[in-house]
Amino acid sequence: MSDEQLTILYMINPDPIFYGKMDQLIIETFQRLKVNVITTELEELSFIVGNEITFFRKGEQIQFDAFLGYGYMAPKHYQDYMYFNFAVYSAGKITLHNPTTEGILQNKLLQYVKFSQNQIPIPRCGASFSVNTFKQNLRRFNNKTIMKEVVGYEGTGVKLSVSHNQSTELFCKSIWNGEQAIIQDFIDDTVGRSIRVLVIGGKAVSVTEFQDNVDFKSNGYSDDFKIESMMDSDQKNEYFKIAEKACAAIDSHLTIGGVDILDSRKNGLVVLEINSWPEITFSQDVTGLPLFDQFAQEFIEKIITKNRERSNST
């Protein structure tokens with residue numbers, strides 16, 4: 001790590017529903033690595049665009065090398081975060097992901113299109129934009145399917161449908177709510193089980209299994225939910241390989257991504273999605289690996305590289 005003093009403007013998640021102490025743990029990790037961290041609330045931030053982009057906190061101009069916010073947010077907060085994030089990126093500073101990558105990571109349908117383009121195995125899914133076309137596509141799917149809203153996290157908006165009528169009803173409700181839903185093949189031999197690979201800087205660093213004998217989604221909502229390390233699994237390298245390939249399909253050097261994989265006897269390994277703000281605590285606890293440090297060091301290295309490039313160009 002460079003001796004130069006780096007400053008990260010860190011935005012506390014305005015909606016920390018599922019993330020607990022993640023902000024605190026990330027901030028403490030950066031501080032331990034001798035980074036100057038300016039913590040801020042979203043409502044304290046603003047910027048002015050003119051001949052240059054100027055950033056303010058509590059009405060005072062602020063200087064920083066990188067901006068970071070971690071965790072899913074309510075729609076309006078996320079929209080505001082993205083405006084600020086886009087401005088930071090446009091000003092030549094470091095953000096967690098570039099705006100194009102960010103947009104893809106927040107949309108499951110766009111992820112599936114990129115996965116298909118790059119030959120990443122996925123459950124087959126269908127996108128429709130009216131009830132009539134949905135019903136036409138529905139004939140190509142079994143009665144039992146997954147209905148999934150393209151924007152969502154922690155399993156929200158993901159439902160198991162047991163009939164075509166129910167699938168149609170769920171699609172209609174999504175349209176009513178102004179949301180886009182897709183239909184997806186249900187892989188029935190992976191119920192309550194999924195593999196989570198944490199990828200940092202484009203390289204897989206840990207693998208765990210999410211297990212739930214109550215909820216088919218294995219998202220941790222039931223009392224039966226548990227996580228186990230898969231670092232000693234015979235298939236570790238295969239999990240790592242497909243996760244890295246999935247991340248590379250979206251960004252050649254993804255800062256961080258939590259890749260969810262189904263390990264199916266009938267279908268092999270298939271990628272469900274990449275989480276742009278994966279929960280790090282559980283994976284670190286069960287594997288014993290210094291994952292917060294690895295994440296922070298990757299982000300710091302991006303800042304140092306960017307600052308070096310800027311210095312060399314002047």
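At what angle do the axes of H1 and H9 cross, and within what distance do they come?

## Two helices in contact

This is a predicted model. Two packed helices are described by the angle between their axes and the distance between the axes. For H1 and H9, the axes cross at roughly 60° and come within 9 Å. The crossing of these helices is right-handed.

On the H1 side, the residues in contact are Met22, Leu25, Ile26, Thr29, Phe30 and Arg32. They meet Phe292, Asp293, Phe295, Ala296, Phe299 and Ile300 of H9. Sorted by type, the residues of this contact are 9 nonpolar, 1 polar and 2 charged.

## The nonpolar cores

The largest nonpolar core has 47 residues. Ile26, Phe30, Phe67, Leu68, Tyr70, Trp277 and Phe295 have the most contacts inside this core. At least two core residues come from each of these elements: strand E1 (7–11), helix H1 (22–32), strand E6 (66–69), helix H2 (75–90), strand E11 (193–200) and helix H9 (291–313). The biggest share is that of H9, with 8 residues. A second, separate core has 29 residues, including Ile195, Phe240, Leu254 and Ile274.

Which residues does Phe67 touch, leaving aside those up to four places away in sequence? Its contacts are Leu9, Met11, Leu45, Tyr81, Phe84, Asn85, Val88, Ile94, Thr95, Leu96 and Phe299.

## A sheet of four strands

An open sheet is built from 4 strands in the order E7-E10-E8-E9, and the pairing is antiparallel. From one strand to the next, the twist averages 25°.

Strand E8 (residues 145–149) pairs with E9 in the antiparallel sense, over 4 bridges. Within E9, Leu160 is the residue that stands opposite Ile146.

## Two loop residues with positive phi

Lys58 has a phi near 55°, which is a positive value in a residue other than glycine. Lys58 is found in the loop between strand E4 (53–57) and strand E5 (60–61). Is Lys58 buried or exposed? Its relative accessible area is 56%, so Lys58 is exposed.

Gln119 is not a glycine either, and its phi is positive, at about 60°. The loop that holds Gln119 runs between helix H4 (108–117) and E7. Gln119 counts as exposed because its relative accessibility is 61%, and the cut-off for exposed is over 50%.

How values were computed:
Residues are numbered from 1 along each chain as its sequence is written. This is a predicted model: local features need pLDDT of at least 70, side-chain atom pairs count only at pLDDT 80 or more; totals for chains, interfaces and linings use all residues. Side-chain values use heavy atoms; hydrogens and water are left out. Two strands pair if DSSP finds at least two bridges between them. Axes are lines fitted to C-alpha atoms, for helices over the stretch in contact, and angles run from 0 to 180 degrees between N-to-C directions. A nonpolar core is a set of buried Ala, Val, Leu, Ile, Met, Phe, Trp, Tyr and Cys residues joined through side-chain atoms within 4.5 Å. Buried means under 20% relative accessible area, exposed over 50%, partly exposed in between (1.4 Å probe, protein chains only). Contact means heavy atoms within 4.5 Å. A crossing is left-handed if the near helix is turned anticlockwise from the far one by less than a right angle, and right-handed if clockwise. Ala, Val, Leu, Ile, Met, Phe, Trp, Tyr, Cys and Pro count as nonpolar, Asp, Glu, Lys and Arg as charged, and the others, Gly among them, as polar.
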